[in-house]
Amino acid sequence: MINSTKLVIASEAQQSLDSKSVAWRLLRYRRVSFRALRSSFMPSGCNDELIGASLTIKRYMVLCLLALLVQPASAIGETDQSDAPSWTPAELATLRSLWIGSLPPLPPDRSNAVADDAGAAALGQKIFFDIRFSANGEVACGSCHQPQRYFTDGLGQAEGVGKTQRGAPTIVGSAYSPWYFWDGRRDSQWSQALGPLESALEHGGSRLQYAHLLRDDTDYRKRYEAVFGPLPDLSDRQRFPDTAGPSADRKINDRWQAMTEQDREIITRIFVNIGKALAAYQRRLVPGGGRFDAYVQALTEGEDAVSTEAALSRDEIAGLRLFVGKAMCIRCHNGPMFTDHGFHNIGVPFAEGLNRDWGRYQGVRKVLKDEFNCLGEYSDAGKEDCAELRFAKTARDETIGAFKTPTLRNVTETAPYMHSGQFASLDEVLEHYRRPPRAPIGHTDLVPIELTAEEIEQLKAFLHTLSGPPAVAAELLSAASQ
Amino acid sequence: MAFANSLNPGKLFLTHLALVLWLYLAGCGASSAEPSADAQAVAKSADSVPTLTQKGQKGHFMLTLQSEAHPLPLQKIHSWTVRVFTPDGRLIDDAQLMVYGGMPEHKHGFQSQPRVTAELGNGAYRVDGVKFNMPGRWEMWFNVRAMGKDDKVIFSFDVP
């Protein structure tokens, strides 16, 4: 008798738990009836059937008490489950649009014939980490784009042989962008790579110096020629000086101008190929997912999976809801790279001690007449591949003071923020968005956003879920394997 | 200028129904301009790609607008085809068109600078360089000059 009663109780308790679980699941979808909820809240074992099963009142009370003792533990778990928000199909579609799984395959770079050539990528990787590609033998691409810092340097204004006026953005996932530099003054990864190499403040070198380095170093020469064909004889230093090229350094520039047009063309071709090799390496640096991506993946695979370790905390989910909703972040930080690849004036103050920065207004004018642009003679693209350049917006009102929307992947790991590191922390960034000031040049695109201190914290919590290492083989993250 | 096509009154009901359904489903903000016979015929021939129809502010012209890409892509430059009609549905060649637009709610224009790049004949014109950089409500505006008249046509639609 006692044994059979225990069995009955156990069975009833299981049924009650099951119904409770179902009721909570229903609650999450806001379709639950009060009656279903009430029965779910009743302690296991306290139902009419058991009362009628010839149990004494005393035994019934003991059972109820035992059930109450057992109940809280399971109820706590269920309560957490109920806090997982339900997303509408439209919201789910939005979340999926941000998900790393929505990142398309690498777009072809038709302006770079060796973009997907393994030999070019290996050559580019070697150059990327080689400090000989600088005026003082101390600066490589990897000096400012440090793999351990998600290919940034932690500085507001990058420092090469001198100090620049803008920050070094991450290059992870940059192959997806149609524009390069904060002002978009270059329109391909390879042409971007050429800028710092010749900048008097960054690498400080010249295209002749780099051409000689490739020609005189046995390994470089072998790698280069395997991809691009024979290097010309550059041993005549009268014809091909050690250092010469378009430069802010007058001597270097004068030597360049003294060369024949044909010789300049020979050297520029080599220089362009350095950029194309660098791009072949850099385009392989694609982002990996963060906890946000695991969350969206779990959502797409069914709600139950969210309760696994992939789930975000309550604050992180609230932050995500703000991100795609009231805080309007998604207007510009959209798509799986969390950027619209566009340019916006958000009224960031000028960096202390720096001149007025016109941003995209000047950037678009530079790229349109850039010798290395998509339509130029060094590009491998056809006219039809250059739509971004051909239809680039130049309107003064919409480009002045505008800067490129940066990716938010790994944003919590890549302070400081904005084009010249004007903001040291995400708190400063979010305060700027909450109460946007008057733009120092042009007009701001921002409008004030009502956000409480708690909501700011939630947004920050969410942004932490976007961190994850690049989805690349470890040997691509250093020069060690060269 | 030439009237490049004649009226095609056939299948009026079905095409009208399809257009109204599209405008409703797409949440198109265009005021419910009555599509002309030609406009309806063009819309019908467009298979599954929706066509927007809109009347000019002064009522001089009717335009249909169709994206080459469906659903409308984000962050990708693509092309559209616009057709110009008289109010009674005759297609107009040799019209001069200027296109611009943006997101009125966000007070910004396109991230690109779309242009009418070619006259395709039969009242059709090619619009290149359209790029939507964020989801939401967008507008495309056309300044139309033809038959000695000017008009402005505003299309409003949602980018998912």
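Trainee: Which residues of H8(A) are buried?
Mentor: In H8(A), the buried residues are Gln189(A), Trp190(A), Ser191(A), Gln192(A), Ala193(A), Leu194(A), Pro196(A), Leu197(A) and Glu198(A). That is nine of the 10 residues, and the helix is mostly covered. Please keep in mind that this is a predicted model.

Trainee: What do the buried residues of H8(A) pack against?
Mentor: They pack against two helices of chain A, namely H9 (207-216) and H12.

Trainee: At what angle do the axes of H8(A) and H12(A) cross?
Mentor: The axes cross at roughly 115° and come within 7 Å. The crossing of H8(A) past H12(A) is right-handed.

Trainee: And which residues meet there?
Mentor: From H8(A), Gln189(A), Trp190(A), Ala193(A), Leu194(A), Leu197(A) and Glu198(A) take part. On the side of H12(A), they meet Phe271(A), Val272(A), Ile274(A), Gly275(A), Lys276(A), Leu278(A), Ala279(A) and Gln282(A). Sorted by class, this contact has nine nonpolar, three polar and two charged residues.

Trainee: Gln282(A) then: buried or exposed?
Mentor: Gln282(A) has a relative accessible area of 5%, so this residue is buried. Its place is in helix H12(A), which covers residues 261-282. Leaving aside neighbours within four places in sequence, Gln282(A) is in contact with Phe128(A), Ile171(A), Gln189(A) and Ala193(A).

Trainee: Let us change topic. Where is Phe403(A) found?
Mentor: Phe403(A) is found in strand E2 of chain A, residues 403-404.

Trainee: Why does Phe403(A) count as buried?
Mentor: Phe403(A) counts as buried because its relative accessibility is 9%, and the cut-off for buried is under 20%.

Trainee: What is Phe403(A) in contact with?
Mentor: Apart from neighbours within four places in sequence, Phe403(A) is in contact with several residues, including Arg166(A), Trp182(A), Phe343(A), His344(A) and His419(A). Gly359(A) is also one of the contacts. Between the C-alpha atoms of Phe403(A) and Gly359(A) the distance is 5.5 Å, although the two are 44 residues apart in sequence.

Trainee: Are Asn410(A) and Met418(A) buried or exposed?
Mentor: Asn410(A) is buried, with a relative accessible area of 6%. Met418(A) likewise counts as buried, at 15% relative accessibility.

Trainee: Now chain B, please. How many helices and strands are there?
Mentor: Chain B has two helices and nine strands. Of the 160 residues in chain B, 50% are buried.

Trainee: What is the order of the strands in the sheet of five?
Mentor: The order is E1-E2-E3-E7-E6 in chain B, in an open sheet with antiparallel pairing. E1 (52-55) and E6 (115-121) stand at the edges with a single partner strand each, so one side of each has no neighbour in the sheet. From one strand to the next, the twist averages 25°.

Trainee: How many bridges are there between E2 and E3 of chain B?
Mentor: E2(B) and E3(B) pair over six bridges, with Leu63(B) standing opposite Val84(B). The loop between these two strands contains Pro71(B), which is joined to His70(B) by a cis peptide bond with omega about 0°.

Trainee: And the sheet of four strands: which are its edge strands?
Mentor: The order of that open sheet is E5-E4-E8-E9 in chain B, with antiparallel pairing. Its edge strands are E5 (108-109) and E9 (149-159), each of which pairs on one side only.

Trainee: How are E8(B) and E9(B) joined?
Mentor: They run antiparallel and are joined by 11 bridges, where Met140(B) has Phe155(B) as its bridge partner. The two strands form a hairpin with two residues between them, and Met147(B) in the turn has a positive phi of about 55°.

Definitions and conventions:
Residues are numbered from 1 along each chain as its sequence is written. Chains are lettered from A and ligands numbered from 1 in the order in which they are written. This is a predicted model: local features need pLDDT of at least 70, side-chain atom pairs count only at pLDDT 80 or more; totals for chains, interfaces and linings use all residues. Side-chain values use heavy atoms; hydrogens and water are left out. Two strands pair if DSSP finds at least two bridges between them. Buried means under 20% relative accessible area, exposed over 50%, partly exposed in between (1.4 Å probe, protein chains only). Contact means heavy atoms within 4.5 Å. Axes are lines fitted to C-alpha atoms, for helices over the stretch in contact, and angles run from 0 to 180 degrees between N-to-C directions. A crossing is left-handed if the near helix is turned anticlockwise from the far one by less than a right angle, and right-handed if clockwise. Ala, Val, Leu, Ile, Met, Phe, Trp, Tyr, Cys and Pro count as nonpolar, Asp, Glu, Lys and Arg as charged, and the others, Gly among them, as polar.
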